[in-house]
Amino acid sequence: MKRFLLATIALLGLATAQSAIQMRFGYGEGLGLTFGAGVESRLRQNLSGRLLAELAPAAPGVALEASLLFKPDLGQYDPTLRGLLPYFGGGLSGLLGEQSTAGVSFSAGLEGLLDPYTGLFAEATYVYGFAGFPKVWRLGLGVNFR
């Protein structure tokens with residue numbers, strides 16, 4: 001229990017330092033309510049980079065991900081769709097815990113902005129494990145606070 005509490009405090013501290021926090025209800029490797037520290041920066045108009053660390057109670061452990069996402073705002077094509085951000089991309093991902101894994105991740109999702117700093121999202125991620133590492137996946141519904 002002490003490890004879980006310490007990991008939660010460290011993760012929330014990291015999120016505050018990066019001025020972004022993500023809360024999600026996930027299924028898969030991140031079963032249950034998870035808190036993620038996401039750092040997302042716009043590289044160009046439609047590309048963004050993301051670093052994500054989240055508690056994965058099903059493993060138990062910590063899921064880490066670094067990915068590059070194509071995330072256009074549909075409002076640039078049709079003003080009535082402003083604030084809808086479909087995205088897909090991939091990168092490297094791993095799970096540190098009793099059953100550790102590392103591999104290439106593929107993500108796809110949809111985020112709807114409530115305001116410039118808050119968005120609701122639905123996301124699916126598949127991690128194709130390197131060599132003998134297991135292949136894992138997760139689905140997530142949550143909210144982003146930037």
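Student: In which strand is the place of Leu95?

Tutor: This is a predicted model, in which local features need pLDDT of at least 70, side-chain atom pairs count only at pLDDT 80 or more, and totals for chains, interfaces and linings use all residues. Residues are numbered from 1 along each chain as its sequence is written, and side-chain values use heavy atoms, with hydrogens and water left out. Strands are DSSP runs of E with at least two residues, numbered from the N terminus. The place of Leu95 is in strand β5.

Student: Is Leu95 buried or exposed?

Tutor: Buried means under 20% relative accessible area, exposed over 50%, and partly exposed in between, with a 1.4 Å probe and protein chains only. Leu95 has a relative accessible area of 5%, so Leu95 is buried.

Student: How far apart in space are Leu95 and Val127, C-alpha to C-alpha?

Tutor: In sequence, Leu95 and Val127 are 32 residues apart. In space, their C-alpha to C-alpha distance is 9.7 Å.

Student: Which residues does Thr101 touch, not counting residues up to four places away in sequence?

Tutor: Thr101 is found in strand β6, residues 101–115. Its relative accessible area is 5%, so Thr101 is buried. Contact means heavy atoms within 4.5 Å. Leaving out residues up to four places away in sequence, Thr101 touches Ser93, Gly94, Leu95, Gly129, Phe133, Pro134 and Val136.

Student: Is Arg82 buried or exposed?

Tutor: Arg82 has its place in the loop between β4 (61–70) and β5 (84–97). Not counting residues up to four places away in sequence, Arg82 touches Asp73 and Gly75. Because its relative accessibility is 71%, Arg82 counts as exposed.

Student: What is the distance in space between Arg82 and Gly112, C-alpha to C-alpha?

Tutor: Arg82 and Gly112 are 30 residues apart in sequence. From C-alpha to C-alpha, the distance in space is 8.9 Å.

Student: Over the ring of which residue does the charged end of Lys71 sit?

Tutor: A charge sits over a ring if NZ of Lys or CZ of Arg is within 6 Å of the ring centre and within 35 degrees of the ring normal. Lys135 lies over the face of Tyr128, at 4.6 Å from the ring centre. The charged end of Lys71 is 5.0 Å from the centre of the ring it sits over, that of Tyr87.

Student: Why does Trp137 count as partly exposed?

Tutor: Trp137 is found in strand β8. Trp137 counts as partly exposed because its relative accessibility is 40%.

Conventions
Helix = DSSP H or I, 4+ residues; strand = E, 2+ residues; numbered from the N terminus.
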